[in-house]
Amino acid sequence: MTSRLLAGPRVPDTDEQEARCVCECVCYGLGSFLSSVSSRYQLAMLLLLLEALKVSRFADVLIPPGRCSIFDPVFSAAECDVLRSLGLTVLTENEEGKRPVSRPTLFYLLHCGTALYNNLLWSNWSPQGLALLTIVGNSFQGLQERMVQKDLQRDYSFIAHVRSVCQETPLPCSPRFLDVFNDTAVVRFPFQRLATLPPHTWARAPEPRYLHCSDLEIILRDKERGDGRPVLHRSPTLPFSGTVV
């Protein structure tokens with residue numbers, strides 16, 4: 001998978017080497033790795049990816065220690081301690097995926113709810129902003145195929161707008177890990193492709209509300225109890241639609 005990331009996000013009007021740099025990493029929705037085998041495998045993959053980027057001979061592809069942030073409302077105090085001991089930065093606030101970035105950033109979002117991806121796109125809604133994103137997560141093509149198109153356009157309009165111009169590379173999945181890594185892809189947003197969309201696409205849009213979604217599949221800030229524990233569960237494992245090797 002690291003070979004698919006070495007090209008990095010394409011950023012306009014920057015030095016070519018800078019354009020290939022993945023400088024930060026953010027992981028949402030990992031789940032409870034003390035109770036879930038799938039979450040443990042996904043955490044292991046994240047750590048291996050960070051290690052591979054660290055030792056890569058491509059000096060412009062590097063995520064320094066402490067520059068990988070991670071959050072899931074279901075993390076226990078013990079899990080947070082483990083993650084910190086592994087060199088990860090545990091976020092204390094539920095961002096709901098609404099994180100604007102100012103430098104190339106890798107988002108590790110395996111089997112997360114569709115709203116999380118939509119929120120991330122909304123937070124960086126410009127050709128320049130989206131070009132900074134590299135997502136390792138659910139296939140956008142798979143999302144489109146599983147959803148009624150009018151619902152996708154109404155509820156997840158930011159995904160619907162860029163689906164036709166994003167660059168998606170499916171990741172192979174061993175039969176042994178179909179329930180862990182199925183439907184996973186590396187998704188990028190090349191500036192040149194984004195620039196082909198009509199100018200009105202980039203008009204300032206209101207924050208997504210999801211008023212018509214009965215099963216949002218993400219934990220919202222206002223859906224957490226007073227003790228900080230969530231009242232909803234993370235997105236369930238997606239049905240397999242990936243590549244088998």
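## Basis

The model is predicted: local features need pLDDT of at least 70, side-chain atom pairs count only at pLDDT 80 or more, and totals for chains, interfaces and linings use all residues. Residues are numbered from 1 along each chain as its sequence is written, and side-chain values use heavy atoms, with hydrogens and water left out.

## Aromatic pairs

Rings of Phe, Tyr and Trp (its six-membered ring) pair if their centres lie within 6.5 Å; planes under 30 degrees apart count as stacked, over 60 as edge-to-face and the rest as tilted. The count by this rule is nine aromatic pairs. In one of them, Tyr28 and Phe107, the ring centres are 6.3 Å apart and the planes stand at 35 degrees, so the pair is tilted. Tyr28 belongs to strand E1 (residues 24-28) and Phe107 to strand E4 (residues 105-109), so the pair ties together parts 79 residues apart in sequence. Helices (H or I, at least four residues) and strands (E, at least two) are DSSP runs, numbered from the N terminus. Buried means under 20% relative accessible area, exposed over 50%, and partly exposed in between (1.4 Å probe, protein chains only). Tyr28 is buried at 4% relative accessibility, and Phe107 is buried at 0%.

Trp125 and Trp202 also form a tilted pair, with 4.8 Å centre to centre and 45 degrees between the planes. Trp125 lies in the loop between helix H5 (114-123) and helix H6 (127-130), and Trp202 in the loop between helix H11 (191-194) and strand E9 (243-244), so the pair ties together parts 77 residues apart in sequence. Trp125 is buried at 13% relative accessibility, as is Trp202 at 17%. Ring pairs also join Tyr41, Phe177 and Phe181 into a cluster.

## Helix H5

Nine of the 10 residues of H5 are buried, so this helix is largely enclosed by the rest of the structure. Among the buried residues are Leu116, Tyr117, Leu120 and Leu121.

## Salt bridges

A salt bridge is a side-chain nitrogen of Lys or Arg within 4 Å of a carboxyl oxygen of Asp or Glu. The count by this rule is 11 salt bridges. Glu24, partly exposed at 21%, forms a salt bridge with Arg67 at 3.5 Å between the closest N and O atoms. Glu24 also meets Arg103 in a salt bridge (3.7 Å, N to O).

Lys98 and Glu96 form a salt bridge with the closest N and O atoms 2.9 Å apart. Salt bridges with shared partners join Glu96, Lys98, Glu207 and Arg221 into one network.
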